[in-house]
Amino acid sequence: MSDIQALITSLGQDAKPVRRLWPPALRATLWLIFATGLIAVFACERGLHHDLAHRFERREFVIEWIGSLSIGVGAAFAAFYLSVPGRSSRWSLLPLPGLMLWLFSMGYGCYADWNRLGLQGLIPTTSFECLEFIIQTTVPLSIALLFLLRHAALVRPVSTTVFATLSVAAIAAAGQSLTHHFDTTIMVLIWHAGTTAVLLTAARLVSPRLMARLVAVPFSSR
Amino acid sequence: MTSSPATLDRGCDEMTDDEVTPRGHLRLVSRGNGCSPNWSQLMAQAQAGDRQAYTNLLVSITPYVRALARRALGNVADVDETVQDVLLTIHRIRHTYDPKQPFAPWLATIARRRVIDRVRVNATLAARDAALTDATLVDAATIDPTLDEPNSHDALFAAIGMLPDGQRLAVELLKIRELSLKEAAAKTGMTISALKVATHRAYKTLRRLLTTTERQP
């Protein structure tokens, strides 16, 4: 009997019933519900932006917020679908429209600030309240996401981690737009885009090792 | 959306290289000879604990996986190891298959990933081997003349004798008897990859053992 035949016999004898993984769309939806709940809790605790209704009357704010939300939702679905074998890599295109919308609105906001205030409009301000919110939202969101991804096979570990990170960052940014009391686009750009870039780089670097620890059957990167 | 490379969710007893496209994509082709067990259904039964269905499925997909592995890996031992890797992976992540989805793209993704992993391992081992050979040549040029002394040989052979069985066998066959990797693999029943790994580990162990011996008064 060859090694392969022996292996097949052995695996056949070990065929215990298994519980199927929930569909990616269901797991993504569950995570988004959790994210919405978490942000709602923070919004209740901190209070919404003092002039939120007026903010939503501004077209550029609405575009930016919808862009951020689209990235978060699209990247979450992309992460869950890409983590399952047999699903198309085209799922990675899902966050792209939101990303373009978000970058466009950010760039336009910076341009408007520059026109209105000159160079002064481009000087970033810092807000530790902003950083605190980012940490308070991204940590539980990341843990929940990893929890829901842990049984996946992760045939594309880097893409999955990158989209998961992007989703967390974008959802946190959309949530923060509802509660944050400053309205300085360049600051938001630096904090959000900067934090997202740092997180994505970290995800890219650590994902193979992280996923190798988290999932039962890791695959090599890419 | 599902992956495009595998087009039909059917299996046949015999698959050949012709059914792997030039880009290495798997393409399942129905031959219309009634030889196609329904892989999706077999996997659904396997997930429910049906051993016979699972064994049938694994037997049925093996030629298909072998065809893909053979396309990317020339070496028979590597192909066999990769097929085993794929079967083991399927076993461990069979819970990720959704019977509502076609089976072929699921299988194709796993098989392709495992083949890529094997190619990467081989490339890493080859690079390491080359680096070790270079290091040996450099060492030979700057070698301490006292190493030609009988005591040094004794120390080296004593250190080889202290190696674990697999490492010692690899060093003896490849470096002392100067057999090729293929010959050594045939003689020992080990795979070429395993021999390379054993040799590499033997170098490290020998270096440590000999350094320790030199430091001792």
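Mentor: A salt bridge is a side-chain nitrogen of Lys or Arg within 4 Å of a carboxyl oxygen of Asp or Glu. Please keep in mind that this model is predicted.

Trainee: How many salt bridges are there between chain A and chain B?

Mentor: The count between these two chains is zero. The side of chain A that touches chain B comprises 17 nonpolar, seven polar and nine charged residues.

Trainee: What makes chain A and chain B count as being in contact?

Mentor: Contact requires heavy atoms within 4.5 Å. By that criterion, 33 residues of chain A are in contact with 39 residues of chain B. The area buried between the two chains is about 3,200 Å², and carbon and sulfur atoms give 61% of it.

Trainee: Why is A:Ile134 called buried?

Mentor: The cut-off for buried is under 20% relative accessible area. A:Ile134 has a value of 8%, and is therefore buried. This residue lies in helix H6 of chain A, which spans residues 128-149.

Trainee: Which residues have the most contacts inside the largest nonpolar core?

Mentor: They are B:Ile61, B:Leu87, B:Ile90 and B:Phe103, in a core of 33 residues. Among the elements that each supply at least two residues of this core are helix H1 (3-13) of chain A and helix H4 (103-141) of chain B. H2(B) gives the most, with nine residues. A second, separate core has 31 residues, including A:Trp31 and A:Phe163.

Key: Residues are numbered from 1 along each chain as its sequence is written. Chains are lettered from A and ligands numbered from 1 in the order in which they are written. This is a predicted model: local features need pLDDT of at least 70, side-chain atom pairs count only at pLDDT 80 or more; totals for chains, interfaces and linings use all residues. Side-chain values use heavy atoms; hydrogens and water are left out. Buried area is the accessible area (1.4 Å probe) that two parts lose on being put together, summed over both. Ala, Val, Leu, Ile, Met, Phe, Trp, Tyr, Cys and Pro count as nonpolar, Asp, Glu, Lys and Arg as charged, and the others, Gly among them, as polar. Helices (H or I, at least four residues) and strands (E, at least two) are DSSP runs, numbered from the N terminus. Buried means under 20% relative accessible area, exposed over 50%, partly exposed in between (1.4 Å probe, protein chains only). A nonpolar core is a set of buried Ala, Val, Leu, Ile, Met, Phe, Trp, Tyr and Cys residues joined through side-chain atoms within 4.5 Å.
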